[in-house]
Amino acid sequence: MDDLSFLKQTLALGKKGLGRTNPNPMVGAIIVKNGKIIGKGYHKKAGSPHAEIEALNSLTQDPKESTLYVNLEPCNHYGRTPPCSDAVIKAGIKKVICATQDPNQKVQGNGLKKLRQAGIAISVGLLEKEARLLNEAFFTFHEKKRPFLALKFASSLDGKIATHTGDSKWITNIKAREYARFLRNQYQAVLVGINTILKDNPHLSLRSGATGEAISSPLRIILDSTLKIPLDSIVLRDNNVLIATTIHADKEKKQKLIKKGVQILTYNSDKIPLKELLNDFTKKEIISIFVEGGSQILGSFLDEKLIDKIYAFHAPILIGGKNALSSIGGIGTNTINEAVKLQHVTYRKIGDNLLITGYPFA
């Protein structure tokens, strides 16, 4: 096998940590000696050993004079775990082939520099595009200094997400809805507006297809400028909830929510300022958010060009009605020429539904 094949394996290994490594990246590592894999591993979850350490712990032979393949630069600083670069040097590895540098300013080439200074040969850049795509949220967070935002909606062919009476269950088929819940697993937080809570009373967790029981609980973010949220809302059954509100919030209800363990962010304004909100999320190390709605929330983020990725589910039905709710609210564009055009578009057929995925401001 060649370098390309081994690096592809690190990407596949790293992806096994999907949804569990936040705010860390997904990383896979393989140690090769005389053309054979003698150790491999991946970062399983935040706080656990990094991929390089997992690979070293799985060794079947002495790693001296071997080559380490990894999809992201080995770290050189102390976090929850010691520096991986020190362990690589101590192991006697002679060469490191890395897909891309780490964008985190604590690393940013310093891990590779440390390895070079120890006499280890370095190769970097092979499969860089694929490595960045695997950790697109991590790269956006560290390069743009804000969370990666993915917008998701499900609509009829005529762009409606509810009838004029407000009925919306269900537009897409069950397999499409299950896949949408699976997508949540890729993100650190799920964000909705208060109207979604009032209308649908969702839990916003991940659920297993077999039992329907919650299997994961991402941070639930609710935008609620006056704290209309009922205290018995299903989403408040556990305390992994953050509500963004304003100075117009009901003070008594605010204290009750805080006692329930809900995090509250209050802004000195009539509306929740989205850029300031994202800045506060950045301080909390929330690297990725799955924005699920409703219509005005989606439109507001899109109007401010704060969306990095779009998942658009379409069902082969027509709802009609000038008062039926459209999938994207907000101000919108003045002309067709100004319309947001998706790049790097992919299509996925899910039964009779279609998922279109793309990047609006690539």
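**Figure 1. Lysine 44 places its charge over the ring of tyrosine 42.** The charged end of lysine 44 is 6.0 Å from the centre of the tyrosine 42 ring. This view, like those that follow, shows a predicted model.

**Figure 2. Phenylalanine 6 and tyrosine 69 form a tilted aromatic pair.** Seven aromatic pairs occur in the structure. Phenylalanine 6 belongs to helix α1 (residues 3–14) and tyrosine 69 to strand β3 (residues 67–70), so the contact ties together parts that are 63 residues apart in sequence. Phenylalanine 6 is buried, at 2% relative accessible area. Tyrosine 69 is buried as well, at 5%.

**Figure 3. Phenylalanine 138 and phenylalanine 139 pair edge-to-face.** The planes of the two rings stand at 85 degrees, and their centres are 6.3 Å apart. Phenylalanine 138 is buried, with a relative accessible area of 4%. For phenylalanine 139 the value is 3%, and this residue also counts as buried.

**Figure 4. Four aromatic residues gather in one cluster.** The members are Phe148, Tyr187, Phe290 and Tyr311.

**Figure 5. Helix α7 has a buried face.** Helix α7 spans residues 174–184. Its buried residues are Ala176, Arg177, Tyr179, Ala180, Leu183 and Arg184. Down the helix axis they fall within an arc of 160 degrees, so they line one face of α7. The face turned away from this buried side carries Ile174 and Lys175, which are exposed.

**Figure 6. A salt bridge joins lysine 114 to aspartate 86.** The structure holds eleven salt bridges. In the one between lysine 114 and aspartate 86, the N to O distance is 2.6 Å. Lysine 114 sits in helix α4 (residues 110–117) and aspartate 86 in helix α3 (residues 84–91), so the bridge ties together parts that are 28 residues apart in sequence. Lysine 114 is partly exposed, at 28% relative accessible area. Aspartate 86 is partly exposed too, at 29%.

Figure 7. Aspartate 308 meets lysine 144 at 3.7 Å, N to O. Aspartate 308 lies in the loop between α11 (295–303) and β14 (309–315), while lysine 144 is in helix α6 (residues 136–144), so this bridge ties together parts that are 164 residues apart in sequence. Aspartate 308 is buried, with a relative accessible area of 8%. Aspartate 308 also forms a salt bridge with arginine 146, where the closest N and O atoms are 2.8 Å apart. Arginine 146 lies in the loop between α6 and β6 (148–156), so its bridge to aspartate 308 ties together parts that are 162 residues apart in sequence. Arginine 146 is buried, as is aspartate 308.

**Figure 8. Val345, Tyr347 and Leu354 make a nonpolar surface patch.** The patch has an area of about 270 Å². Valine 345 lies in strand β15 (residues 343–350). Valine 345 is partly exposed, at 31% relative accessibility.

**Figure 9. Two cis peptide bonds are shown, one ending at proline 23 and one at tryptophan 170.** Most peptide bonds are trans. The bond joining asparagine 22 and proline 23 is cis, with omega about 5 degrees. Proline 23 lies in the loop between α1 and β1 (28–33). The bond from lysine 169 to tryptophan 170 is also cis, with omega near -10 degrees. Tryptophan 170 is placed in the loop between β6 and α7.

**Figure 10. Leucine 127 and glutamate 285 have positive phi values.** Most residues other than glycine have a negative phi. Leucine 127 has a phi near 65 degrees. Leucine 127 lies in the loop between β5 (121–124) and α5 (128–134). Leucine 127 is buried, at 13% relative accessible area. Glutamate 285 has a phi of about 60 degrees. Glutamate 285 lies in the loop between α10 (274–283) and β13 (288–293). At 44% relative accessibility, glutamate 285 is partly exposed.

Technical notes
Residues numbered from 1 in each chain as written. Predicted model: local features only at pLDDT ≥ 70, side-chain atom pairs only at ≥ 80, totals over all residues. Heavy atoms only, no water. Phe/Tyr/Trp six-rings, centres within 6.5 Å; stacked < 30°, edge-to-face > 60°. Helix = DSSP H or I, 4+ residues; strand = E, 2+ residues; numbered from the N terminus. Buried < 20%, exposed > 50% of the residue type's maximum accessible area, 1.4 Å probe, protein only. Lys NZ or Arg CZ within 6 Å of the ring centre and 35° of its normal. Patch = residues over 30% accessible without salt bridge, like charges linked within 9 Å, V, L, I, M, F, W, Y side chains within 5 Å. Areas by Shrake-Rupley, 256 points an atom, 1.4 Å probe, with all protein chains shown as cover. Salt bridge = Lys/Arg side-chain N within 4 Å of Asp/Glu carboxyl O. Arc of directions from axis to C-beta.
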